[in-house]
Amino acid sequence: MWRPSVEWVVERRGVTLLRPGEGVICSVPYPYAAVWDGMVRGFDTRRMLRMLSWVARVDEDEGRRMLAACLGNWQEARLIAEDGPSA
Amino acid sequence: MVRGRGVQALSKAGELKRRLQGRMQQRRPATGSLFQAQQFLRRERADNMHENDSQLCEPSVYAVPVAGRWLVHAPLHGGGALVNRASLELIKRGYPSWINAPEPLREVIAPLRGPAIPPPSLPDDAPCPSLLVIVPTRACNMKCVYCDFGGHEAGRALLDPERAFCVIDHVLTLLAHHGAPSLRVHFFGGEPFVAGDVTDAVVHYVRAQCGRAGIRPWLEVSTNGLFDAARAAFVGDYFDTVVLSFDGEPAFQDRNRPSPDGGGSSERVMDTIRALSATRVELCIRVCVTNENAARMEDIARFLCSSFDMDIIDFEVLAENTLSSAAGLRAPDPFEFARGFAAASRCAAARGVRVVTGAVDTLEPRHSFCPMGTDALMLMPDGNLTACYLTPDQWECHGMDLTFGKVSHGGSVALDFEKMKSVRDLVRRKPRCERCFCRWSCAGGCHVHHSPPGSPLDYDDFCAQTRLLTAWRLLEELGCRETADELLRDESAMRRLAHHVDDRICEGDAR
């Protein structure tokens, strides 16, 4: 399971990430904003994959590639942390 | 973790509320009135106004008896006045020229002499959906005793999100063609959050595609509020308007809107209302009014206003059906509903909460009570596109066909424009409404349950309460509060207004 390491606000075009004292870190556009929303609500990886594939209108393989890249980037930027096994 | 809500949390009040308030400000009363009347003029839409008074023989000026006087209502002029009988006769005799009207009366009728806007209607050209309704499922997680949507027994079928995406793309293309600035999307059920992932995906897709198209999304949901805190947070973050059904006080809620196991739902739903109260959404609590709770409408308003932070209370009378009858519930007495609504309105207004009911809308003229006939598209779980959110059996029994399109599994959107035009025509034909001063505000009520083709010409209970409350509201807008109260205190005055046969004062139509 993933959890956010930063604060965020929902905006019209996606989600904006912030760090207290630093301000805005970056904006997360769609379709990845849907992944962020699922993650903060505790979706498991399979459910996040389905949501991303739906919103991006890609097949499951492409969705899996996009999700892995997205989560990897966020983890590398210390925007999220893994705190348990994914279902 | 602290959730941030800064960007969208600028104001508790929603865009719709601001828009409505803006319109209200445009209708501010003028001063210096006679005959205990105040008048107001609608100055907007001047470009569309008729230049010739003779065109007003289309019924556009009405008068109804109000506690010994007459309420003159000119919805297409945006004007009105409270006058005595002698003045009404002068208005009738002089209409439409009023050349010989005495000076004091000229002031009263000044707003009525001005040009009228054309009756509201749709042009006969290509569809421009004002609203997209998404029904992700007909299934529901409650078992309301009066619900004939199938409720807990309804099919569990879920909408394929891909079908919704295709309709969204289609509608955005139409809106771009018409230069429309926003897309309003309303989620309906069953309970839409029973199909939570489908609803989530459609919400995200609407936002994503609107962002690309430069069109502003406006997201609404009708819900029973029976969900957890995480879902409430999602709703608060992503929706603009929430219509939440809650029958006003826990005792009514638990009896009439139980969980499928028969247990009460009030505690969990009130948790949801509290959670949503703390968000930026425009929150509307929808209360079903029956013979049981009509006498407590003021108490209900007081309870809701003191318990929650909401924007609107919507009182709607029970639509009777076999299930509600089996539960011993009936629609309320129309006079009792009118009195209760007025008392609840005053009580809530003192706390900054607006009280509404669907048929009483005096903000601006409309030609349809609901989205039907406005080219709104309603996507059902099976991919059908309809003009009405009711289940097909409810309109088919009146010989109506309100399905005008289909989204295939493959994603193509097929719209039958000829059938859309026939639905436009359907809402125009309301023989019972032609002589009623609520013609351009109530506009006939529900086109399926209240005024389907072939419905009686006599006013029924729904008409009676609508006529009373519309008059009451117009009097309040005119600043004639004492007269408004007097009307609802006097049963014979209420009866006279409710059943006044013909309100038109147009030359040749005067009664």
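The legends below describe close-up views of a predicted model.

Local features are given where pLDDT is at least 70, and side-chain atom pairs count only at pLDDT 80 or more, while totals for chains, interfaces and linings use all residues; side-chain values use heavy atoms, without hydrogens and water. Residues are numbered from 1 along each chain as its sequence is written, with chains lettered from A and ligands numbered from 1 in the order in which they are written.

**View 1. A three-stranded open sheet in chain A.** The strand order is S2-S3-S4, and the pairing is antiparallel. Strands are DSSP runs of E with at least two residues, helices are runs of H or I with at least four, and both are numbered from the N terminus; two strands pair if DSSP finds at least two bridges between them. S2 (7-11) and S4 (23-29) of chain A are edge strands with a single partner each, so one side of each has no neighbour in the sheet. On average, neighbouring strands are turned by 25° against each other, direction ignored. Six antiparallel bridges link S3 (residues 14-19) to S4 in chain A. Leu18(A) has Val24(A) in S4(A) as its bridge partner.

**View 2. Helix H2 of chain A against helix H5 of chain B.** The axes of H2(A) (residues 45-56) and H5(B) (residues 196-213) come within 9 Å and cross at roughly 45°. Axes are lines fitted to C-alpha atoms, for helices over the stretch in contact, and angles run from 0 to 180 degrees between N-to-C directions. H2(A) is therefore oblique to H5(B), a term for angles that are not under 35 degrees (roughly parallel), over 145 (roughly antiparallel) or 65 to 115 (roughly perpendicular). Arg47(A), Arg50(A), Met51(A), Trp54(A) and Val55(A) are the H2(A) residues in contact (heavy atoms within 4.5 Å). On H5(B), the residues met include Asp197(B), Asp200(B), His204(B) and Tyr205(B).

View 3. Pro31(A) sits in the loop between S4 and H1 (32-40) of chain A. Gly190(B) belongs to the loop between S5 (182-187) and H5 of chain B.

**View 4. Positive phi at Arg57(A) and Ala67(B).** Most residues other than glycine have a negative phi. Arg57(A), in the loop between H2 and H3 (60-76) of chain A, has phi near 55°. Its relative accessibility of 32% makes Arg57(A) partly exposed. Phi of Ala67(B) is about 45°, and this residue lies in the loop between S1 (62-66) and S2 (69-74) of chain B. Ala67(B) is buried at 19% relative accessible area. Buried means under 20%, exposed over 50% and partly exposed in between, with a 1.4 Å probe and protein chains only.
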